[in-house]
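Please consult the sequence and the model alongside the text.

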Amino acid sequence: MTGKKIPNDKTPVQQARALKATMVKLGKNLAEAAELVGGIQSGDDPDVVDALLAVEAGVTRDDARLLRAIGAMVEKDSEILTTGISPETLRLLSQASGAEVQDAAIRTIKAGIPVGEEKMRRLETHRSRAEEGDDQVAANARWARLQSFAAMNAEVMLRRLESKADGLRAAAQKFVFHFAPPHPQEGFEMESDRPGYFEAHANVAVLASDVLADFKQILGPREAFETGDLKDSEALLLKQAFDALTRFAAGHFGHQGGFAFEAAEEDVFSSDIIDALAYISTQSLPDVPRSAPYTRPPHTLHVLELGAGAGGQAIGLMSAGFRHAALYEKVSLRA
């Protein structure tokens, strides 16, 4: 620490008085800084001024805003600086809700009574009672308290939604693991003839209906996320999660629509609507692998195969994710 060393032989009272004198000097220095900031900001482009203050003086935009507020207070009542007011108190005064509260706080400080956050809250409450009446103040306090409790409850509900979404994802992945064909070479339809298929399908739908009800209650309907801004990726992910929940809840998956967002494709090798649930889950649920590795390309690819032969190449293309528009082979022995 640099600067003038304070002698240790002073009594606490003398040191306190020295502190008061230092605070008075500090207040005057802040007023001078406010005047300088006001002079700099009176002309040039605001962005240029902000950059200049940050680079040359280490003053942020918030610092400049506070100094301007201090300058306005000093211009209105310069005697405030002779009180030894602290920078924190100046900040509180600058954030007062109105001129009446600010003036009342200044009068209190001049009377020798320190003003902190608690005192400012009392002055704000007194002003509210004077302007709105006790009934309105009580109503405002009640509403603020209700909002506070509602906000806490909303967090609890969101955590519950995430937990339920985890359960739904796990059930959907387990359903795929047990009943989807492991590879395109083994077909493109769900193995619905296996025992327990329809019970598992119904269980996923029931779980999805529960999650969808919570989703609507907490986050609102789908229209709430239709911002029209294509760059709003968060809104898009919410819409996809909603659409996925709607599909699962309606039972339009597996043998009744596959797992792609385009239900008409009935693509059982897609994971679109399962992946979409990740956004509303805790995102810590591990993926359940298929019994054989398979990666679906991001878009459906189509192929017209001429000279298809006995179908070996066709099987390879299907395994790679291609969908045949047609296959043609003119040699009947090969076909």
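## Aromatic contacts and packing

With a relative accessible area of 1%, Tyr197 is buried. The coordinates discussed here belong to a predicted model. Tyr197 and Phe198 form an edge-to-face aromatic pair, with 5.1 Å from centre to centre and 85° between the planes. Phe198 itself counts as partly exposed, because its relative accessibility is 49%, a value between the 20% and 50% cut-offs.

The structure holds 10 aromatic pairs. In another of these, the ring centres of Phe179 and Tyr197 are 5.2 Å apart and the planes stand at 85°; the pair is therefore edge-to-face, since an angle over 60 degrees is counted in that way. Phe179 belongs to helix α7 (residues 134–179) and Tyr197 to helix α8 (residues 197–219), so the pair ties together parts that lie 18 residues apart in sequence. Phe179 has a relative accessibility of 7% and thus counts as buried. Ring pairs also join Phe179, Tyr197 and Phe198 into a cluster with Phe175, Phe248, Phe253 and Phe259.

The relative accessibilities of several residues treated in this report are set out below.

| Residue | Relative accessible area | Class |
|---|---|---|
| Tyr197 | 1% | buried |
| Phe179 | 7% | buried |
| Thr108 | 13% | buried |
| Leu327 | 46% | partly exposed |
| Phe198 | 49% | partly exposed |
| Pro195 | 77% | exposed |

## Overall architecture

The chain comprises 11 helices and 2 strands. From the N terminus on, the order of the elements is α-α-α-α-α-α-α-α-α-α-β-α-β. Of the 335 residues in the chain, 32% are buried. The accessible surface amounts to about 21100 Å², and carbon and sulfur atoms account for 55% of that area. When contacts between residues at least 6 apart in sequence are considered, 58% of them join residues at least 24 apart.

## Nonpolar cores

Which residues have the most contacts inside the largest nonpolar core? They are Phe175, Met190, Phe215, Leu245, Phe248, Phe259 and Ile280, in a core of 33 residues. Two or more residues of this core come from each of α7, α8, α9 (233–250) and α10 (272–275). Helix α7 provides the largest share, with 8 residues. Leu245 illustrates the packing: beyond four places in sequence, Leu245 touches Leu168, Ala208, Val211, Leu212, Phe215, Leu277 and Ile280. In soluble globular proteins, nonpolar side chains tend to be buried together.

Val115 is also one of the contacts of Thr108; the others beyond four places in sequence are Ile113 and Lys119. Thr108 is located in helix α5 (residues 99–110) and is buried, with a relative accessible area of 13%.

The buried residues of α8 are Tyr197, His201, Val204, Ala205, Ala208, Val211, Leu212, Asp214 and Phe215. Just after α8, Gly220 adopts a positive phi of about 95°.

Pro195 occupies the loop between α7 and α8 and is exposed, with a relative accessible area of 77%. Pro195 and Phe179 are 16 residues apart in sequence, and their C-alpha atoms are separated by 9.6 Å.

## Strand β2

Leu327 lies in strand β2 (residues 322–328) and is partly exposed, at a relative accessible area of 46%. The C-alpha atoms of Leu327 and Gly309 are 9.1 Å apart, while 18 residues separate the two along the chain.

## Confidence of the prediction

The mean pLDDT of the chain is 78, with 81% of its residues reaching 70 or more. Among the elements, α8 has the highest mean pLDDT (93), whereas helix α6 (residues 117–132) has the lowest (69). Over residues 288–299, pLDDT stays under 50, and the model has 26 contacts beyond four places in sequence for this segment.

Note on methods. Residues are numbered from 1 along each chain as its sequence is written. This is a predicted model: local features need pLDDT of at least 70, side-chain atom pairs count only at pLDDT 80 or more; totals for chains, interfaces and linings use all residues. Side-chain values use heavy atoms; hydrogens and water are left out. Rings of Phe, Tyr and Trp (its six-membered ring) pair if their centres lie within 6.5 Å; planes under 30 degrees apart count as stacked, over 60 as edge-to-face and the rest as tilted. Helices (H or I, at least four residues) and strands (E, at least two) are DSSP runs, numbered from the N terminus. Buried means under 20% relative accessible area, exposed over 50%, partly exposed in between (1.4 Å probe, protein chains only). Contact means heavy atoms within 4.5 Å. Accessible areas come from the Shrake-Rupley method with a 1.4 Å probe; for residues, only the protein chains shown count as cover. A nonpolar core is a set of buried Ala, Val, Leu, Ile, Met, Phe, Trp, Tyr and Cys residues joined through side-chain atoms within 4.5 Å. pLDDT is the predictor's confidence in each residue, from 0 to 100.
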